[in-house]
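Dear colleague,

Please find below the structure for your records.

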Amino acid sequence: MTVKGVNYIIRAHENEVKNSKIRMGKNMKSVIIGIAGGTGSGKSTFTNRLRDEFKDNVAVIYHDNYYRDQSDIPLEERKKTNYDHPDAMETELLVQQLQELKEGKSIQCPVYDYTQHNRSGEVQTVEPKKVILLEGILVLADERLRDLMDIKIYVEADADERILRRVIRDVKERGRDIEGVVEQYLTTVKPMHYLYVEPTRSTADIVINSGMNSTAFELVKNTIQKILDSEE
Ligand SMILES: Nc1ncnc2c1ncn2[C@@H]1O[C@H](COP(=O)(O)OP(=O)(O)O)[C@@H](O)[C@H]1O
Ligand SMILES: Nc1ccn([C@@H]2O[C@H](COP(=O)(O)O)[C@@H](O)[C@H]2O)c(=O)n1
């Protein structure tokens, strides 16, 4: 099963008792940082670098885990779903859970299985933290999510680089074949990108060229450190 972020969440859970310092205080405000960008742009790379830097001091939420449950549809049909349209996501659940995190409550986040094109049936406990990273192609496309965010980031990369990376990743990690990735890219991923993802670039506070951009990483890292060090 391929699951974004599950290792982190399990580690976060194990360390929770030890690290009472990193729990959010009752009156503490949490800051939500949205990290958007096209498929293969390097969003997860950038987000995971921040997660590795700050470990349990930040919560990380992947919008992909909120793809709708499709247990009532056979696998062959699930393969045909348009996963790049906003309706494919249960964003209403994500909005509700982000509000709960902001209120200092822990949440049970769904866990997605790309190989089955469905929720895995498992959930991860995510504890409230002062900084919440929210990653996904469409996180800036939803006004409710944008309104909850304090900092909006868009990771950019050329389309040819993105699709090349995606082919390799989807074959290696998401149980796909090359023909399937190309077919999906041309029929849904590419048109939806230009309809729903790329237009959100203009809503971002910061546009980053590549998820491996060290200068951008340092700037965002320093900003997060300041937030974590602040008394508020
Ligand atoms: N700047 C880069 N140069 C080369 N490979 C990259 C770069 N950024 C990301 N990758 C690789 O491309 C793949 C997709 O990156 P990822 O961060 O998962 O993209 P996204 O989350 O935006 O879909 C991963 O295998 C990652 O290691
Ligand atoms: N069952 C699914 C669900 C999603 N996808 C694709 O994932 C992409 C978003 O994830 P990134 O890490 O690439 O940002 C999105 O473009 C969907 O097409 C899928 O292929 N199958």
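Which residues in H6 meet which residues in H7? In this predicted model, Ile163, Arg166, Val167, Asp170 and Val171 are the residues of H6 that meet H7, where their partners are Ile178, Val181 and Tyr185. By class, the residues of this contact of H6 with H7 comprise 6 nonpolar and 2 charged, with no polar ones.

As to the geometry of this pair, the axes of H6 and helix H7 (residues 178-197) come within 9 Å and cross at roughly 135°. Because angles over 145 degrees count as roughly antiparallel and those of 65 to 115 as roughly perpendicular, H6 is oblique to H7. The crossing of H6 and H7 is right-handed.

Ligand 1 is surrounded by 13 residues, of which Gly42, Lys43, Ser44, Thr45 and Arg165 are the closest. H2 provides the largest share, with 3 residues. In composition, the shell around ligand 1 has 9 polar, 3 charged and 1 nonpolar residues.

Regarding the protein as a whole, there are 8 helices and 7 strands. Of its 232 residues, 37% are buried. When contacts between residues at least 6 apart in sequence are considered, 79% join residues at least 24 apart.

Yours sincerely

Note on methods:
Residues are numbered from 1 along each chain as its sequence is written. Chains are lettered from A and ligands numbered from 1 in the order in which they are written. This is a predicted model: local features need pLDDT of at least 70, side-chain atom pairs count only at pLDDT 80 or more; totals for chains, interfaces and linings use all residues. A residue is near a molecule or strand if its C-beta atom, placed from the backbone, lies within 6 Å of it. Helices (H or I, at least four residues) and strands (E, at least two) are DSSP runs, numbered from the N terminus. Ala, Val, Leu, Ile, Met, Phe, Trp, Tyr, Cys and Pro count as nonpolar, Asp, Glu, Lys and Arg as charged, and the others, Gly among them, as polar. A residue is buried if 20 or more other C-beta atoms lie within 10 Å of its own, exposed if 12 or fewer, and partly exposed in between; C-beta atoms are placed from the backbone. Two residues are in contact if their C-beta atoms, placed from the backbone, lie within 7 Å. Axes are lines fitted to C-alpha atoms, for helices over the stretch in contact, and angles run from 0 to 180 degrees between N-to-C directions. Angles under 35 degrees count as roughly parallel, over 145 as roughly antiparallel, 65 to 115 as roughly perpendicular and the rest as oblique. A crossing is left-handed if the near helix is turned anticlockwise from the far one by less than a right angle, and right-handed if clockwise.
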